[in-house]
Amino acid sequence: MTAHSRRLTLASVALLCGVTLVGPQTASGQDTAEAEIVSVVQEFFDAMAAGDSALGASTLLLEGQFTSVRETPDGARTGITRHSDFLTSIASGDQALLERMWDPTVMVQGRVAMLWTPYDFHIDGAFSHCGVDVFNLLKTDDGWRISGVSYTVERDNCPESPLGPPGGSH
């Protein structure tokens, strides 16, 4: 082995050691961010279930909006609701709302994140619909906040929730 080859080999080993040392820290930071993001979305669902607009507001950027899409016999129908209007509606609502997610996929890059998850939705204890939620989040000085939500509303062909019937589990 030449001196030049040895230097390259030592540089490669040092680089690999550096990646090994940095890799787990990055993964740990990523895991922490993912857990925080899932927690914020669950907190949003909890606020909706409790009709607690103050708790809901702590999870949302008030300038954001919800966008829904549902298939109708006449084609896709979309709806848009501002976060602030949604908070008013849950505070004054007289129905028990329960939304549950499972198997969320979280992607994070710096202060921007996305959570994609299947969900089911119940009103007053009765199944209403299922679909997919896509939450966009931004990390603010106060933590992760939901900047926007897009979701499908599907009433037919909903898979059985792995969470079982509502009652004890989120």
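**Salt bridges**

I began with Arg82, which forms a salt bridge with Asp85, their closest N and O atoms being 3.3 Å apart; the term stands for a side-chain nitrogen of Lys or Arg within 4 Å of a carboxyl oxygen of Asp or Glu. I note that this is a predicted model, in which local features need pLDDT of at least 70 and side-chain atom pairs count only at pLDDT 80 or more, while totals for chains, interfaces and linings use all residues. Residues are numbered from 1 along each chain as its sequence is written, and side-chain values use heavy atoms, with hydrogens and water left out.

Asp85 is partly exposed, because its relative accessibility is 38%; here buried means under 20% relative accessible area, exposed means over 50%, and partly exposed lies in between (1.4 Å probe, protein chains only).

How many salt bridges does a search of the whole structure find? I found 2. Asp120 pairs with Arg100 in a salt bridge whose closest N and O atoms are 2.7 Å apart. This pair links distant parts of the chain, with Asp120 in strand β5 and Arg100 in strand β3 (residues 97-101), 20 residues apart. Strands (E, at least two residues) and helices (H or I, at least four) are DSSP runs, numbered from the N terminus. I checked the accessibility of this pair as well: Asp120 is buried at 4%, and Arg100 is buried at 1%. For background, I wrote down that side chains of opposite charge can pair when their charged atoms come close.

**Thr117, also in strand β5**

Thr117 belongs to strand β5 (residues 112-123), and I recorded it as buried because its relative accessibility is 0%. A polar atom of the Thr117 side chain lies 2.7 Å from the backbone oxygen of Trp102. With neighbours within four places in sequence left aside, Thr117 touches Met101, Trp102, Asp103, Pro104, Gly131, Val132 and Asp133, where contact means heavy atoms within 4.5 Å.

**The disulfide**

I then looked for cysteine pairs, taking a disulfide as two cysteine sulfur atoms within 2.5 Å, and the count comes to 1. The disulfide joins Cys130 to Cys158, with 2.2 Å from S to S. Cys130 lies in strand β6 (residues 126-140) and Cys158 in the segment after β7 (143-153), so the pair ties together parts that are 28 residues apart in sequence. The link of Cys130 and Cys158 is left-handed, at -85 degrees about the S-S bond.

Leu137 is found in strand β6 and is buried, with a relative accessibility of 1%. Beyond its neighbours within four places in sequence, the contacts of Leu137 include Ile37, Val40, Trp144 and Ile146.

**Aromatic rings**

Last, I counted 6 aromatic pairs, where rings of Phe, Tyr and Trp (its six-membered ring) pair if their centres lie within 6.5 Å, and planes under 30 degrees apart are stacked, over 60 edge-to-face and the rest tilted. The ring centres of Phe44 and Phe86 are 5.6 Å apart and the planes stand at 35 degrees, so this pair is tilted. Phe44 sits in helix α1 (residues 3-50) and Phe86 in helix α3 (residues 83-92), 42 residues apart. Phe44 is buried at 3%, and Phe86 is buried at 14%. Phe44, Phe45, Phe66, Phe86 and Phe135 form one aromatic cluster.

Note on methods:
Polar contact = N/O pair within 3.5 Å; in protein donor to acceptor, adjacent residues only side chain to side chain.
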